[in-house]
Amino acid sequence: MSDVAKVAGVSHQTVSRVVNGHPNVREETVARVRRAISELGYHPNSTARALVTRRTNVLGALAVDTTLFGPSQTLAGIERAAREAGYFLSIVSADDPSPHGVAEAMNHLVQQSVEGCVAIAPQRELVHALAALPGPRPLVAVEGGEGAGFPVAGVDQEQGAREAVRHLLDLGHRTVHHISGRSDWLEAEARVHGWREELRAAGRTVTEALPGDWSPRSGHELGRRLVELRDEGEEITAVFVANDQMAVGVLKALHDAGLSVPGDVSVVGFDDIPEAAYLTPGLTTVAQDFTRVGTAALELLLGALDAPSTDAPADRTVPAALRVRGSSAPPPA
């Protein structure tokens, strides 16, 4: 800052006020200081700033299974929101959701002197492990379910599932079969619940959900199982699949069996992956706004940082949105 002050012809205190956005600096002075900053390639020293302010401006993010579309996009949304708010984000992956694995991952964030943490916590075991930890606090969970003990931001999974089922029933299908996600995931649990409750509310038959593991391979295997059940005489005209990647596998299984989508069987997915609109046919699916979820999680965390002595901020729920494309249609006559 001393070098910048010399070039700009001002005091280093003025440079500090400009860098920190102080309002009481004349516009021409601000412009002169910014020109000097640009010429010298000056960047604030985060370590020195932390010593003075006693704040690191570093937030932590704990993530699991970032190879999957949902967690990876959620993490991207959190990082974008943190950057826009002027914070750095330190990310650690917890491959093991056990108490030991989560404690080890969180300890890594503590060593980075994070001011607070956002945890992408789709698994019940992970939520319980986080609740048992002494720190870091404040903590916000993404998709952490109800009763987590800390603020939660996430998409309304049950509402999204109900919209998918209602769409298929409104097309005239007598019931909707379901391929679910991993049973240890809260999102999968909520989607199963939404599917079941919408069918019950309509007075329709509720079949057994077929459990998958989020992968196209499991979708293909379970799609073949649906074909077998159909060949045995079970009426299967509509399938709600818990994520788009499994839905891709289902589409292939139906195609391999010589069945038309949506002529013989309608298929609806969940997530709205970028490829969904370009499949043949385009996949009807439930979209999640991961950017809004990331922003909501950051707002909860920053609110807790600004007012640590108040009650925990309320949870934030982002609505899901149905995207209707070519894979859903009325049932065959």
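## Pocket, cavities and cores in a predicted chain

The largest pocket holds about 490 Å³ of space, where a pocket is, on a 1 Å grid over the protein atoms alone, an open set of points with protein on both sides within 12 Å along at least five of seven lines. Of the 20 residues that line this pocket, G145, E146, V155, Q157 and A190 are the closest to its centre, a lining residue being one with an atom within 4 Å of a point. This is a predicted model, in which local features need pLDDT of at least 70 and side-chain atom pairs count only at pLDDT 80 or more, while totals for chains, interfaces and linings use all residues. Residues are numbered from 1 along each chain as its sequence is written, and side-chain values use heavy atoms, with hydrogens and water left out.

**The chain as a whole**

- The chain contains 12 helices and 12 strands, which are DSSP runs numbered from the N terminus (helices are H or I with at least four residues, strands are E with at least two).
- Along the principal axes, the C-alpha atoms of the chain fill a box of roughly 85 × 40 × 30 Å.
- Of the 333 residues, 50% count as buried, a word that stands for under 20% relative accessible area, with exposed meaning over 50% and partly exposed lying in between (1.4 Å probe, protein chains only).
- The chain exposes about 16000 Å², of which carbon and sulfur atoms supply 49%; accessible areas come from the Shrake-Rupley method with a 1.4 Å probe, and for residues only the protein chains shown count as cover.
- Among contacts between residues at least 6 apart in sequence, 72% join residues at least 24 apart, where contact means heavy atoms within 4.5 Å.

**More on the largest pocket**

- The elements β5 (152–155), α8 (157–170), α9 and β11 (316–318) each supply at least two residues of the lining of the largest pocket, and α9 gives the most, with five residues.
- By residue class, this lining divides into five nonpolar, six polar and nine charged residues; Ala, Val, Leu, Ile, Met, Phe, Trp, Tyr, Cys and Pro count as nonpolar, Asp, Glu, Lys and Arg as charged, and the others, Gly among them, as polar.

**The cavities**

- Rolling a probe the size of a water molecule over the atoms shows where empty space is left.
- Two cavities of 30 Å³ or more are counted, a cavity being a set of grid points where a 1.4 Å probe fits but cannot get out; grid points are joined across faces, edges and corners, and a volume is the space filled by probe spheres set on the points.
- The largest cavity has about 110 Å³ of space, and its lining includes L68, F69, W185, R191, W214 and D271.
- Helix α5 (69–84) and helix α9 (186–201) each supply at least two residues of the lining of the largest cavity, with α5 giving the most, three residues.
- The second largest cavity has about 80 Å³ of space, and among the residues lining it are T74, I120, V142, V155, F290 and V293.
- The lining of the second largest cavity divides into seven nonpolar, three polar and two charged residues, and its largest share, three residues, comes from α5.

**The nonpolar cores**

- The largest nonpolar core has 39 residues, of which L59, V176, F240 and L298 touch the most other members; such a core is a set of buried Ala, Val, Leu, Ile, Met, Phe, Trp, Tyr and Cys residues joined through side-chain atoms within 4.5 Å.
- Helix α12 (residues 290–306) gives the most to this core, with eight residues.
- Not counting residues up to four places away in sequence, V176 touches V165, L168, L169, W195, L199, T207, A238, V239 and F240.
- A second, separate core of 28 residues includes V239, M246, L254 and A276.
- In soluble globular proteins, nonpolar side chains tend to be buried together.

- S215 lies in the loop between β7 (210–211) and α10 (216–231), and S215 counts as buried because its relative accessibility is 19%.
- Leaving aside neighbours within four places in sequence, S215 is in contact with Q245 and M246, while the C-alpha atoms of S215 and D244, 29 residues apart along the chain, are separated by 9.0 Å.
- A276 lies in the loop between β9 (266–271) and β10 (284–287), and A276 is buried, with a relative accessible area of 0%.
- Leaving aside neighbours within four places in sequence, A276 is in contact with D244, G282, L283, T285 and R325; A276 and D244 are 32 residues apart in sequence and 7.3 Å apart in space, C-alpha to C-alpha.
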